[in-house]
Amino acid sequence: MADGITFDFDDLNVLAADLESVPKTITPFLVSALKFTSVRIKKGAAAKVGRRKRFRGGARAIDFDVKHFKGFGAHVIQSEIGYNKEKGGAIGSLAEFGAPGSPNALTPGNELATTLREEEADFVRGIERAVDDAHKKAGL
């Protein structure tokens, strides 16, 4: 008669260790996915704004900045996409949001918001790929 049941957890322990390494390897892949999508949004919105006669200069001012912060138990990766005022983007707010109360009732263009929605599915695929690549790098 056996004194008890024994289990071999070696493989499970190895898997757990591998899974713990994924957060350490995923950051560059997430940054890459975010930059890729940011470029697509920038170009797509610029193309849309460029078709508006009065706002062609605003198209050249669309820019993005990817920021990455790690500290205090948090890890943040974000992208700001919009009209860079230093590149002539002062007109960008008018192009994007319009001026409904003005005498000429300028209609909002919503080019950035529209392009963001158009790129959402591709961004999700990029994040999924980043996770897959991090798993591969961790040997999973």
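Reader: How much accessible surface does the protein have, and what share belongs to carbon and sulfur atoms?
Author: In this predicted model, the accessible surface comes to about 9800 Å². Carbon and sulfur atoms hold 57% of that surface.

Reader: And what percentage of the residues count as buried?
Author: Of the protein's 140 residues, 28% are classed as buried.

Reader: Which elements are there, and in what order from the N terminus?
Author: The protein has 4 helices and 2 strands. Starting at the N terminus, they are arranged α-α-β-β-α-α.

Reader: What share of the contacts with a separation of 6 or more comes from residues 24 or more positions apart?
Author: Such pairs make up 57% of those contacts.

Reader: Now lysine 48. Where does it lie?
Author: Lysine 48 is part of helix H1, which covers residues 10–50.

Reader: Buried or exposed?
Author: Lysine 48 is buried, because its relative accessible area is 18% and the cut-off for buried is under 20%.

Reader: What does its side chain make a polar contact with?
Author: The partner is the side chain of glutamate 118, at 2.8 Å. With neighbours within four places in sequence left aside, lysine 48 is in contact with Glu111, Thr114, Thr115 and Glu118.

Notes:
Residues numbered from 1 in each chain as written. Predicted model: local features only at pLDDT ≥ 70, side-chain atom pairs only at ≥ 80, totals over all residues. Heavy atoms only, no water. Buried < 20%, exposed > 50% of the residue type's maximum accessible area, 1.4 Å probe, protein only. Polar contact = N/O pair within 3.5 Å; in protein donor to acceptor, adjacent residues only side chain to side chain. Contact = heavy atoms within 4.5 Å. Areas by Shrake-Rupley, 256 points an atom, 1.4 Å probe, with all protein chains shown as cover.
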